[in-house]
Amino acid sequence: AWGKVPGYEELREIRQHEASSLYSEDGELLGKYYLENRTEVLFGSISPKAVEALVATEDSRFYEHHGVDKISLLRVLLKTILLGDKREGGGSTISQQLAKNLYPRETGKRWMLPVAKVKEMIVAHRLESIYTKDEILTLYLNTVWFGEGAYGIESAAQQYFSTTATQLSATEAATLIGLLKGPSLYNPRLHPERALERRNTVLGRMVEHGYLSE
């Protein structure tokens, strides 16, 4: 009644736009052609610090739930709805955010938000039934938009730091993961002070969850 929900077969065959790179005979990059500037990478080619920054900031209980974090949802219900604390956020897991990125919500229909959230929960649960946790993280980091036309962690690493996803340092990874809250708002080129503050928030979460020492 509320629209199609992708099935298991469709979710097993996820394909995304990637950039094609043109090189000279001596190996120099001449340019790229793309609909979305994305270069997909495997889990082993992503800096562990980027993965840790993502989990610490976006979904600290990622390894404990199966797509939907019931504890987080209960917290949001109590604090956001009953107490009016807007800082608690939406309680979406990384898997739910991935579902939202792969299958964007319809715009301009606020009354459809509860339906969209339920559909994202269903898709998130199905994704976690098909893919391992590492595969979910890889899909997510290859999918999301980091601003300035960069889709995925590899393109973002090249765009902002002229490096690769493999070589990202803790501070570089924290800056990129911080961008996910608002790629335009926390763009380090346009808003360096705001980006630095957001980066430090991510580093603080990494310390809080034991990924970095003080």
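These legends walk through close-up views of one predicted model.

The model is predicted, so local features are kept at pLDDT of at least 70 and side-chain atom pairs only at pLDDT 80 or more, while totals for chains, interfaces and linings use all residues. Residues are numbered from 1 along each chain as its sequence is written, and side-chain values use heavy atoms, with hydrogens and water left out.

**View 1. The hairpin of β1 and β2.** Strand β1 (residues 20–23) and strand β2 (residues 29–33) run antiparallel and are joined by four bridges. Strands here are DSSP runs of E with at least two residues, and helices are runs of H or I with at least four, numbered from the N terminus; two strands pair if DSSP finds at least two bridges between them. Look for Ser20, whose bridge partner in β2 is Tyr33. Five residues lie between the strands, and Gly27 in the turn has a positive phi of about 90 degrees.

**View 2. Helix α2 against helix α6.** The axes of α2 (residues 48–58) and α6 (residues 133–143) come within 11 Å and cross at roughly 95 degrees. These axes are lines fitted to C-alpha atoms over the stretch in contact, with angles from 0 to 180 degrees between N-to-C directions. Val51, Leu54 and Val55 of α2 make the contact with Leu137, Tyr140 and Leu141 of α6, where contact means heavy atoms within 4.5 Å. By class, the contact has six nonpolar, no polar and no charged residues (nonpolar: Ala, Val, Leu, Ile, Met, Phe, Trp, Tyr, Cys and Pro; charged: Asp, Glu, Lys and Arg; polar: the others, Gly among them).

**View 3. The buried residues of helix α7.** In α7 (residues 153–161), Ile153, Glu154, Ser155, Ala156, Ala157 and Tyr160 are buried, meaning under 20% relative accessible area with a 1.4 Å probe and protein chains only; exposed means over 50%. They pack against β3 (37–38), α2, α6, β4 (150–151) and α8 (170–179). Just after the helix, Ser162 takes a positive phi of about 50 degrees.

**View 4. Arg38 in strand β3.** Arg38 counts as buried because its relative accessibility is 2%. A polar atom of its side chain lies 3.1 Å from the backbone oxygen of Thr143. Leaving aside residues up to four places away in sequence, Arg38 touches residues including Gln16, His17, Tyr151 and Ser155.

**View 5. Leu42 in the loop between β3 and α2.** At 66% relative accessibility, Leu42 counts as exposed. Leu42 and Thr166 are 124 residues apart in sequence, yet 9.9 Å apart in space, C-alpha to C-alpha.

Technical notes:
Polar contact = N/O pair within 3.5 Å; in protein donor to acceptor, adjacent residues only side chain to side chain.
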